[in-house]
Amino acid sequence: MSKVKFTYYPGCSSMESGKHLDMSVRAISTKLDFELETINDWNCCGASVGHVKCGPLATWSLSGRNLAKAREQGTADVISPCAACYLNTHAVNERMKEDSKARAEINEALSTAGLSYDGDLKVRHVCEVLVNHVGNERIAREVTNPLHGLKVAGWVGCQTVRPFAGTESGGNFDTYHEPKFLDAFHETCGAEPVAFEPKTACCGGSVSVYSPEKTLPLMAKILAAAQDAKADVISTPCPLCQVNVEMYQDRINKEMGTNFNIPVVFYSQIMAVSFGMSVKEAALDKHMIRPEKLIGMAKG
């Protein structure tokens, strides 16, 4: 397989709370024949709350600017590892392709910064690239440290597959309600996917930032399912899912009388360890709840 270059949109979480996703995705990309060229001077996509105060055009224009900056760098597909970044960027890209009025409004806003974009790029999620471009057979060839004995609860979350994963523009890489790609990744890495019913359950997303009392019960259900399955770790592709369910475990325990202490990692960290990478290369030193079993399996 020849190396393919993608224009990479890391998203705001890559700067701090989701740094371990960004670092581990970059690490595995060096082994899996795809090159990441970061969008120059990228900005926030508006995530899930940008429209609340500013309205849709402002949020569309944030993603429109990123797409315009990506287009300045060429015609390579744009990829993002973050569910919300992908969701917003992909949705705006499709809107600009299909809706001439929206495209004109967004380009009017972009013109104030001397930018424009016609909607001629393709926006993809890193997981879809791993499924459709790389494939599990290719991933398996890089596994030098199979993670036998690691039990993993694969938690896709609500945004990575909805609403685009089952569409042509989204790559038709999985289904909305019973996605299998994450368990397949883990199995390819030698780990054991456990039965985990809330695969696409919502953790409350950004609502947890300003109103966590409304979302703690959602997270508790996810944690309880992982605990019942005797999972060593929960693995997710979503940086907001990861930080929410890791960060709020102490509060859930205090308020609900539970005893959760379950590490929440990224699939890309599991891949990195199975590829023979170190704790630092897999960014396993960035967690609030240390994934001790996975750390013990890392090479150095």
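Hi everyone, and thanks for coming. Some ground rules before we look around. Since the model is predicted, local features need pLDDT of at least 70, side-chain atom pairs count only at pLDDT 80 or more, and totals for chains, interfaces and linings use all residues. Residues are numbered from 1 along each chain as its sequence is written, and side-chain values use heavy atoms, with hydrogens and water left out.

Helices (H or I, at least four residues) and strands (E, at least two) are DSSP runs, numbered from the N terminus. Two strands pair if DSSP finds at least two bridges between them.

Let's begin with the sheet that holds β1. It is an open sheet of four strands, ordered β2-β1-β3-β4, and the pairing is parallel. Why is one side of β2 and of β4 left without a neighbour in the sheet? Because β2 (34–38) and β4 (123–125) stand at the edges, each with a single partner strand. Neighbouring strands here are turned by 40 degrees against each other on average, direction ignored. For angles, axes are lines fitted to C-alpha atoms, for helices over the stretch in contact, and values run from 0 to 180 degrees between N-to-C directions.

Strand β1, residues 4–8, runs parallel to β2 and is joined to it by five bridges. Helix α6 (residues 126–134) touches β1, β2, β3 (78–80) and β4, at about 90 degrees to β4. Contact, by the way, means heavy atoms within 4.5 Å.

Now to the sheet that holds β7. This is also an open sheet of four strands, in the order β6-β5-β7-β8 with parallel pairing. Its edge strands are β6 (192–193) and β8 (264–266), each pairing on one side only. Strands β5 (residues 151–154) and β7 (residues 233–236) share three bridges, and A153 is partnered with I234 in β7. Helix α8 (residues 181–188) packs on this sheet against β5, β6 and β7, its direction about 160 degrees from that of β5. Helix α13 (residues 267–274) lies across β5, β7 and β8, at about 70 degrees to β8.

Stay with β7 for a moment. S235 is the bridge partner of G154 and is also paired with V265 in β8. Both faces of β7 are covered, with V233 and S235 on one side and I234 and T236 on the other all buried. Buried means under 20% relative accessible area (1.4 Å probe, protein chains only).

Next, a helix pair. Helices α3 (residues 56–72) and α4 (residues 83–98) pack at about 90 degrees, with axes 9 Å apart, and are therefore roughly perpendicular (65 to 115 degrees). W60 and L67 are among the α3 residues in this contact, and V92 and R95 among those of α4.

Methods:
Angles under 35 degrees count as roughly parallel, over 145 as roughly antiparallel, 65 to 115 as roughly perpendicular and the rest as oblique. Buried means under 20% relative accessible area, exposed over 50%, partly exposed in between (1.4 Å probe, protein chains only).
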